[in-house]
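This report walks through selected features of the structure shown below.

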Amino acid sequence: MRAYIIRRIALIIPTLLFVTIIVFLTVRFVPGSLIDLMASQAVGESEVTPEEIAEQIRHDLGLDQPVWKQYLRWLGAWQQDDGTFSGILQGNLGKSLWSQRPILEEIVGKIPISIELGIIAITTALLIAFPVGIYSAIRQDTAGDYIGRSIAIFCMAVPGFWLATMIIVFPAVWWGWSPPMSYIPIVENFGENIKQFIIPALLMGMIMSGVTMRMTRTMMLEVLRQDYIRTAWSKGLRERVVVIRHALKNAMIPVITVIGLQLPVVIGGTVIMEQIFNLPGMGRLMIDALSRRDYTIISGINIMMASVILVANLVTDLTYAWLDPRVQYR
Amino acid sequence: MAEGTTGLYAGAITEEKKRNFWMDLLTRLIREKPLGTVGAAIVLILLLVGIFAHWIAPYGYNDTWVGGRLDASSAEHWMGTDQSGRDLLSRIVYGAQISMYVGLGVSALSTVISALIGLISGFLGGKIDIIIQRFVDAWMCFPGIFIMITLMALVGPGIAQVIIVLGLLYGITGSRTVRGAVIGIRENVYIEAARSIGCPTGSLIIRHILPNVMAPMIIVFTSRMGAAILAEALRHPGAVPQLGRYAQSWTPIYARGDAISRMARFVPEYRRLGDKHVRGCPERPAGPETEGRTGALLGSKEEITETADEGLDTGSGKLKTSNAT
């Protein structure tokens with residue numbers, strides 16, 4: 001087991017390298033170019049043609065170098081023009097091509113928003129999914145089960161953006177109330193900040209809870225039919241012990257996987273909620289960068305998200321072994 | 001003799017059972033799984049509407065009615081017309097076609113991919129699992145929208161391409177769920193028993209593992225369906241222009257990219273409305289522009305023609321003239 005963990009951790013680095021190389025390359029093949037946009041905006045200030053300006057910008061940003069050299073420079077394994085090394089290895093994510101601000105600064109300003117939103121959302125999702133899922137499994141085909149499942153299907157089916165828009169529009173019309181407009185950092189005003197985050201986060205949580213709840217219910221039903229559960233019942237154990245201690249843990253593996261797949265939302269954010277509730281989070285940064293073809297920001301976000309996902313997947317895999325001691329990794 | 005009569009009797013029972021099998025199944029379904037039956041009926045109806053869209057829709061999906069723009073429902077247009085004067089009912093019916101194709105296609109494809117990767121990787125384990133899972137990890141590390149843009153740029157627009165791209169996207173990610181379930185049951189005694197009597201790996205996977213991971217796979221399948229329909233609909237115009245044609249699906253009616261951004265543009269106005277009432281909002285007095293826009297979303301027709309035009313890409317020229325006359 002220990003050997004397995006060490007091997008997995010060691011493999012994170014090549015996987016990261018592989019991912020960043022692919023993103024670094026493909027983002028440059030996506031049609032449309034930031035340089036042309038920048039050049040067309042710079043035209044008119046002088047006599048030079050857009051092509052010359054574009055050439056100049058490319059040179060300034062180091063984009064006239066071969067791609068492998070650009071990658072190594074970004075990684076910090078190749079000298080920059082001034083002879084220094086500055087890249088990921090030195091903890092420098094580079095600068096945005098568009099705003100010229102350091103990417104770390106851009107991300108640091110936005111990541112707390114996504115993390116706060118994500119944590120509240122995931123907590124909400126679990127708080128809905130587990131009780132409802134377990135209840136509707138142990139009371140299969142009762143009214144409570146139907147209500148619970150209907151809620152889950154509602155959560156999965158209703159488009160989040162629609163619900164979000166309705167939640168903004170109708171309270172504003174009926175009661176003249178709306179969530180705070182501009183982003184308030186949590187350190188400045190805790191109450192206002194929570195007021196602002198709670199609606200989008202609860203909505204996200206509701207949407208995410210659907211799958212988890214269905215998965216919990218189905219897996220619980222599978223496990224509750226097993227012989228050892230019947231044995232537990234016939235021993236005269238209380239319902240809570242049978243359900244929580246004997247059934248739940250054995251039903252959890254696919255549920256944990258689903259939760260693990262949802263975790264990256266904490267760092268990646270969701271574009272739609274951020275857009276509608278006017279929260280400048282990571283999702284929006286990503287979309288803006290993609291539509292501007294701001295390569296360096298895309299690569300920067302990519303490496304952060306990739307690290308989180310790789311760790312989340314590793315933790316998920318290790319949780320299997322904790323949940324079910326029969327699971328062995330070789 | 002007694003034997004003969006019982007045989008006859010049994011035969012009669014099976015015959016009767018056979019005759020009523022479908023009715024029997026239906027009544028049992030309705031009695032025992034009412035929610036599922038309702039869901040199946042809805043899906044079936046939508047599927048039929050999609051398949052026979054050509055015969056059901058009263059008009060073509062792009063037939064424009066000059067002058068009849070954003071009409072309320074009438075005998076001619078049961079659901080009224082959209083911003084460009086097209087019959088909404090027809091567009092919803094044609095939209096059902098695309099949405100059902102994409103929904104079913106993507107969930108079927110992604111489930112097959114998930115099952116393949118998950119079963120092989122989870123059951124074989126060891127080095128094979130480690131290697132396959134690193135590719136799955138890598139795939140998950142690419143942001144979904146990034147994969148969509150790049151792949152759609154490579155394969156070009158079209159429903160089949162949307163299905164393939166979304167199917168890959170969901171299928172590879174979803175394989176982790178299947179793999180997890182396989183790992184969970186791999187160490188069961190019956191698997192060991194099957195292996196010890198010399199059951200080859202292939203039939204072990206298909207006969208003994210697959211039936212036991214069906215439950216999570218069905219959940220993956222069903223949850224993908226809605227997600228795929230929404231993902232197909234949620235093509236942000238700036239970000240993913242390549243993701244399919246958007247003339248035909250449900251998108252134009254209820255979730256087209258620019259409809260969302262248009263809604264999103266109204267949102268600040270509503271917030272302003274809210275702020276005005278709650279806090280007096282001194283820096284943003286309610287100008288006529290604010291009032292107009294908020295009115296627009298609530299259904300005042302004149303205002304919509306003013307404000308919504310900016311976001312529209314089709315037919316606005318024609319409509320303007322029709323408005324003037």
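In chain B, helix 6 and helix 8 pass each other in a left-handed crossing. The model is a predicted one. On the helix 6 side of chain B, the contact is formed by Val136(B), Trp139(B) and Met140(B); on the helix 8 side of chain B, the partners are Ile172(B), Thr173(B), Ser175(B) and Arg176(B). Sorted by class, this contact between helix 6 and helix 8 of chain B holds 4 nonpolar, 2 polar and 1 charged residues. The axes of helix 6 (residues 126-141) and helix 8 (residues 159-186) of chain B come within 9 Å and cross at roughly 130 degrees. Helix 6 and helix 8 of chain B are therefore oblique to each other.

**Chain B as a whole**

Chain B has 16 helices and 0 strands. Of its 325 residues, 39% are buried. Among contacts in chain B between residues at least 6 apart in sequence, 67% join residues at least 24 apart.

The largest nonpolar core has 126 residues, and the members that touch the most others are Cys141(B), Leu166(B), Val182(B) and Ala228(B). Helix 5 (residues 88-124) of chain B gives the most to this core, with 15 residues. Cys141(B) also has contacts in chain A: leaving aside residues up to four places away in sequence, Cys141(B) touches Val19(A), Asn302(A), Met305(A), Ala306(A), Ile309(A) and Leu310(A).

**Helix pairs**

| Helix pair | Axes come within | Crossing angle |
|---|---|---|
| Helix 6 and helix 8 of chain B | 9 Å | roughly 130 degrees |
| Helix 9 and helix 10 of chain A | 10 Å | roughly 150 degrees |
| Helix 10 and helix 14 of chain A | 9 Å | roughly 180 degrees |

Helix 9 and helix 10 of chain A are roughly antiparallel, because their axes cross at roughly 150 degrees. Helix 9 of chain A passes helix 10 of chain A in a right-handed crossing. Tyr228(A), Ile229(A), Ala232(A) and Trp233(A) of helix 9 meet Val242(A), His246(A) and Ala247(A) of helix 10. This contact of helix 9 with helix 10 of chain A contains 6 nonpolar residues, 1 polar residue and no charged ones.

Helix 10 (residues 239-262) of chain A also pairs with helix 14 (residues 295-323) of chain A. Helix 10 and helix 14 of chain A are likewise described as roughly antiparallel to each other. From helix 10 of chain A come Lys249(A), Met252(A), Ile253(A), Ile256(A), Thr257(A) and Gly260(A). They meet Ala312(A), Asn313(A), Thr316(A), Thr319(A), Tyr320(A) and Leu323(A) of helix 14 of chain A. The classes in the contact of helix 10 with helix 14 of chain A are 6 nonpolar, 5 polar and 1 charged.

**Burial and backbone in chain A**

How many of the 11 residues of helix 13 of chain A are buried? The number is 9, so helix 13 (residues 282-292) of chain A is largely enclosed by the rest of the structure. Among these buried residues are Arg284(A), Leu285(A), Met286(A) and Arg292(A). Just after helix 13 of chain A, Arg293(A) has a positive phi of about 55 degrees.

Most residues other than glycine have a negative phi. Asp141(A) is not a glycine, yet its phi is positive, at about 65 degrees. Asp141(A) lies in the loop between helix 5 (103-138) and helix 6 (143-157) of chain A. Asp141(A) counts as exposed because it has 12 C-beta neighbours inside 10 Å.

Definitions and conventions
Residues are numbered from 1 along each chain as its sequence is written. Chains are lettered from A and ligands numbered from 1 in the order in which they are written. This is a predicted model: local features need pLDDT of at least 70, side-chain atom pairs count only at pLDDT 80 or more; totals for chains, interfaces and linings use all residues. Axes are lines fitted to C-alpha atoms, for helices over the stretch in contact, and angles run from 0 to 180 degrees between N-to-C directions. Helices (H or I, at least four residues) and strands (E, at least two) are DSSP runs, numbered from the N terminus. Angles under 35 degrees count as roughly parallel, over 145 as roughly antiparallel, 65 to 115 as roughly perpendicular and the rest as oblique. Two residues are in contact if their C-beta atoms, placed from the backbone, lie within 7 Å. Ala, Val, Leu, Ile, Met, Phe, Trp, Tyr, Cys and Pro count as nonpolar, Asp, Glu, Lys and Arg as charged, and the others, Gly among them, as polar. A residue is buried if 20 or more other C-beta atoms lie within 10 Å of its own, exposed if 12 or fewer, and partly exposed in between; C-beta atoms are placed from the backbone. A crossing is left-handed if the near helix is turned anticlockwise from the far one by less than a right angle, and right-handed if clockwise. A nonpolar core is a set of buried Ala, Val, Leu, Ile, Met, Phe, Trp, Tyr and Cys residues joined through C-beta atoms within 7 Å.
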